[in-house]
Amino acid sequence: MKIELKRVTVRELTCGYEDNEEDGVQGYNGLLDIRPPYQREFIYGEKERNAVITTVRENYPLNVMYWARRDNGAAVPYEVMDGQQRTISLCQYVNGEFAYDFQYFYNLTPDEQKAFLDYELMVYVCEGTAKEKLKWFETINIAGKKLTAQELRNAVYAGSFVSDAKRYFSKTNCPAFHMGKHLMNGSPIRQDFLETALKWIAQSQSTPNVRMTIENYMALHQHDPNATLLWQYFTAVITWVTATFDVGKRKKIMKGVNWGALYDRFHTEVLDKAELDKEISRLIIDSDVQNKHGICSYVLTRDEHDLNLRAFPDDIKLAVYEKQQGICPHCSKHYEFEQMEGDHITPWCKGGHTVEDNCQMLCRECNRRKSGS
């Protein structure tokens with residue numbers, strides 16, 4: 001990987017500055033993507049923005065910025081990886097979009113304007129493979145408004161696929177937000193919705209021998225002309241969820257579930273929505289169920305780990321241990337309290353609850369044997 005230090009004046013940086021809103025922000029005479037189409041909107045506040053202008057006006061050193069050089073032949077060869085908000089602040093000020101200390105840039109004297117435009121920025125430019133860039137970006141992403149993991153991936157695998165995916169997944173009022181806001185965590189503009197959709201489709205294409213990651217999927221589809229396949233898969237998942245569960249009634253426990261994995265396993269089965277809802281209602285009020293967000297998964301998978309069932313508290317275990325006088329009822333041997341575990345006599349799945357009358361203390365070996373039978 002090649003890393004080069006460049007000295008770029010504010011004059012050079014702001015030359016050709018253009019804010020195309022949805023299509024991103026460019027500068028450096030059209031050679032730099034300051035905010036590519038796939039990244040979130042400008043987020044600096046007035047205090048942070050003014051601090052940047054103060055730094056340059058007073059000729060203080062501004063933090064180093066980082067650019068990435070794209071593949072040879074790219075129409076826009078550079079993009080900002082760290083320093084996006086500082087760069088936009090400088091461009092907006094020179095462009096007369098806000099005043100600093102009650103003066104716009106055009107109110108400054110010619111000498112003040114020249115000093116500002118001649119200020120030199122320190123910029124490191126990285127050029128290398130996708131893997132090398134991702135590792136480097138993760139390392140330097142330590143200051144200011146941090147890029148999320150998905151924004152870093154978007155930068156490394158930038159192309160027609162990512163640009164089109166943003167239309168669906170990366171705006172506050174994007175289609176994915178309207179469809180999945182009750183089922184997904186995070187924010188579209190921080191790329192959480194896109195990351196979730198990519199995780200779902202990547203895991204759907206994994207095999208027992210080969211695990212598909214988000215990075216793998218984006219590398220394979222980087223130069224696809226659009227993200228239609230991703231959008232179709234996402235809409236299929238959300239449509240199945242809303243047809244299978246009462247989302248409006250249960251949305252408090254449905255956010256953040258791995259719906260993609262459940263769709264892959266169960267979307268071809270005929271499921272009774274009314275029966276599922278009846279069982280969900282029962283589990284919601286069951287005091288033994290500690291993880292309410294795992295209920296929707298459990299009613300399909302029957303995996304009790306999804307529920308994080310309440311374990312016997314120490315006071316119950318100690319009382320039962322005293323009653324048994326330290327004897328394991330399965331192997332009839334005596335053990336110290338620390339060598340024994342609380343066990344449900346009647347299993348939870350058969351109606352047994354985590355109460356003293358349903359507790360027995362077993363030695364670890366007997367408890368493991370019973371759990372595995």
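Predicted model: local features only at pLDDT ≥ 70, side-chain atom pairs only at ≥ 80, totals over all residues.
Helix H7 itself spans residues 160-169, and seven of its 10 residues are buried, so the helix is largely enclosed by the rest of the structure. The buried positions are Phe 161, Val 162, Asp 164, Ala 165, Lys 166, Tyr 168 and Phe 169.

## Nonpolar cores

The largest nonpolar core consists of 61 residues, and Phe 169, Phe 245 and Trp 259 have the most contacts inside it. Helix H11 (residues 228-244) supplies the largest share of this core, with eight residues.

## The contact of H9 with H10

Helix H9 (residues 192-204) and helix H10 (residues 214-221) have axes that come within 9 Å and cross at roughly 90°. The two helices, H9 and H10, are therefore roughly perpendicular to each other.

On the H9 side, Glu 195, Leu 198, Lys 199, Ile 201 and Ala 202 take part, meeting Ile 214, Tyr 217 and Met 218 in H10. Of the residues in this contact of H9 with H10, six are nonpolar, two are charged and none is polar.

## The sheet

Seven strands form an open sheet with mixed pairing, in the order E1-E7-E5-E6-E4-E3-E2. Strand E1 (2-9) and strand E2 (18-19) stand at the edges; each has a single partner strand, so one side of each lacks a neighbour in the sheet. Strands of a sheet pair through backbone hydrogen bonds, in either a parallel or an antiparallel sense. Strand E3 (residues 25-27) and strand E4 (residues 32-35) are an antiparallel pair joined over three bridges, and Gln 26 stands opposite Asp 33 in E4.

## Arg 69 in strand E5

Arg 69 belongs to strand E5 (residues 65-69) and is partly exposed, with a relative accessible area of 22%. Arg 69 and Glu 127 are 58 residues apart along the chain, yet their C-alpha atoms are separated by 5.2 Å. Residues up to four places away in sequence aside, Arg 69 touches Glu 4, Pro 77, Tyr 78, Val 125, Cys 126, Glu 127 and Lys 133.

How values were computed:
Residues numbered from 1 in each chain as written. Heavy atoms only, no water. Pairing = 2+ DSSP bridges. Helix = DSSP H or I, 4+ residues; strand = E, 2+ residues; numbered from the N terminus. Axes fitted to C-alpha atoms, helices over the stretch in contact; angles between N-to-C directions. Parallel < 35°, antiparallel > 145°, perpendicular 65-115°, else oblique. Contact = heavy atoms within 4.5 Å. Nonpolar A, V, L, I, M, F, W, Y, C, P; charged D, E, K, R; others polar. Core = buried A, V, L, I, M, F, W, Y, C linked by side-chain atoms within 4.5 Å. Buried < 20%, exposed > 50% of the residue type's maximum accessible area, 1.4 Å probe, protein only.
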